[in-house]
Amino acid sequence: MELFLQYLANGLVTGTFYALSALGLTLILGLMRVVNFAHGELYMLGGVMGWWATTRLGLDFFSGLVLVAVVMGAFGWLVDRFLIERIRDQGEEPGILLTIGLSIFLANTALLVVGTAPLKVEAPLSAAPLILGPVVVTKLRIFAVALSAVLIVAAWLVIQKTRLGRAMRATFQDPMAARLVGVRTANVYAATFAMGTVIASLAGMLLGSIYSAQVAIGGLVSIKAFVVVILGGMGSFAGAIAGGLLLGVVEALWGGYVATGWVDIIGFAMVILTLLCRPYGLFSKRAERA
Amino acid sequence: MQYWKHALVIAGLTSLSSMAFAQESIKIGVIEPLTGSVAYNGIASLNGAKLAVERRNAAGGVLGRKIELVVEDGQCRPANSVNAAEKLLQRDKVVALSGAFCSSATAAVMPIAEKYKIPFLTGVSSKADLTEKGMQYFFRSAETDRQMSKVFSKILAQQLQLKKVAYIGVNDDWGRGGVEDFSKDLEALGVQTVMKEYFDHGATDFYTLLTKLRASKADGVFVAAETQDGSILVKQFKELGLQTKIFGVGSWATADFIGLTGPASEGIYAAVPYASSLPGERNKAFVDLYASAYKEKPGKYGAAGYNAMNILLDAIARAGKTEPDAIRDALRQTDYAAPNGQYRFTEKGEGYGFDVVLVQIKDKEPHVITQARTEKP
């Protein structure tokens, strides 16, 4: 029982991290219909910039987080205006090719600039053990889970409660009608991509402070994020959270009671099952564009 | 004008010094990864080799001739390394080859060396079966995992007094092989195996694995991992408040590892083939030489490159001529006094007789706990 509680806690913590790392992907996919294969590299850039800000510039963690958000937001905006803009409304294949190309470019540029060595992002809190009854966690992890929750809620509020969010949803439902009523759809698309980029890079920096940032991590992050998005349903907020938590807990229990060496199997088995039984994911709204 | 004067003076000096070596220089081919993911280590190995050559040339060369290294980038890839070997053998006419670094690249170069009947020595590639292929011109002056396991199992069982050991390895040939070798040797010494688990390259969260470790009540844990995975694992190990003795193989006890792991690295043990803090005059001289040339202390790969090149140069001197067959026969007679022991070769070309070291990390420095000699396999 004691073991079970620890496994469950481990699973919930990693599940929250999975949800946060998948959020940017699901947002861009759901609102823009762009399958962003460069998602993992945006996450990686967040981690690398976090390392640079906290160890090279000597900023504290939170100032670093703000800096990363501002720089990566601008970067995402520019990527949309200069690259994705050109292939909008041409179907999915050009978008896939473009983002794959972007991911290769970003990964190799980062490799050239900072090299292969793992990088350390200075954490805001200590990682000393904190014993809560039968379960051991660290302050840092509790903080990271809380910050993840804050980021997820903030993103949800932006989309549901603000003017910008309404414009995003309107553009997604029918870009022509949105343009007719005066929404500047080009800006809305750029803002959406920038938001997805910011969330991905903040996840990269936050998790970099717990694990470590690494240039070559992009591919792995993308794969996990796709698993979460397919489980939860494309573009669904609740789905990303449920999919992330589900994956985290199942992996922890599988690793704990079966074998840790086989842990990646379980995620893909769940994806195949989902695709067979509920092809639109657990929480999909099945919204199709007119 | 000033510039031309300088150039003339330098040209004059070079021709003077080359008169000392009236005959043509002896060329030795080196294939190392100079670009790509292991470039950092490949360059360290090359630096070691260059140091050995400079030292020898300063003392008059070998057979009265100057030694010249011809270096090619093999990128740790079999195809590139084979191209490099062909070029070195056909165009540069080298008398011996060294390197290739990665086991798969070395394995690809071996048949080429065999075809041209040129001696080929690796100082790094550790895959056990390289020396089992019946090659006549291949030698290895590197520790294999099998040798490490044999030596360290005794130390773990007897000196650290471990009774129940858990094993964690990265999920590949090397990690699984390490876990299998160590668990077999330790079980033969009466140490109980309480857990065997693997994780994938690039894994980031080890809490589940470590929870299992805590439940297994092991008094020691063996970990086969490289820098990135190993450092995260050790950090999370301390986060969970575990007290088990950690014993690692892989690139532990390096400055990179200690920097990434931070205070969590205190007290862990690592099995390494070389540490710059080894006692002995020969090692001290080598460390001083290396540090004055490259402004850093030599690591495992710097020492490996230095040793391999010295073994080759000694063999050429002993052969008395640059005939490849004569060098090969002389290599078999190797008895080289290295900074870390005395290298010899078996009939299959497997090196032995050198020391491997158990270090413990204290105050961010690896301290030598004990060293042991590899026995003839």
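**Chain A–chain B contact and the build of chain B**

In this predicted model, 25 residues of chain A are in contact with 25 residues of chain B, two residues being in contact if their C-beta atoms, placed from the backbone, lie within 7 Å. Local features need pLDDT of at least 70 and side-chain atom pairs count only at pLDDT 80 or more, while totals for chains, interfaces and linings use all residues. Residues are numbered from 1 along each chain as its sequence is written, and chains are lettered from A in the order in which they are written.

**Side of chain A that touches chain B**
- Helix 1 (2–32), strand 2 (135–138) and helix 10 (237–257) of chain A each give two or more residues; helices (H or I, at least four residues) and strands (E, at least two) are DSSP runs, numbered from the N terminus.
- The largest share, five residues, comes from helix 1 of chain A.

**Fold of chain B**
- Chain B contains 12 helices and 14 strands.
- Its C-alpha atoms fill a box of roughly 75 × 50 × 40 Å along the principal axes.
- Of the contacts in chain B with a separation of 6 or more, 66% join residues 24 or more positions apart.

**Domains of chain B**
- Domain 1 (2–143 + 280–345) and domain 2 (146–272 + 358–373) divide chain B, with bounds from an automatic or database domain assignment.
- The C-alpha centres of domain 1 and domain 2 of chain B lie 33 Å apart.
- Five residues from domain 1 of chain B and six residues from domain 2 of chain B make up the contact between these domains.
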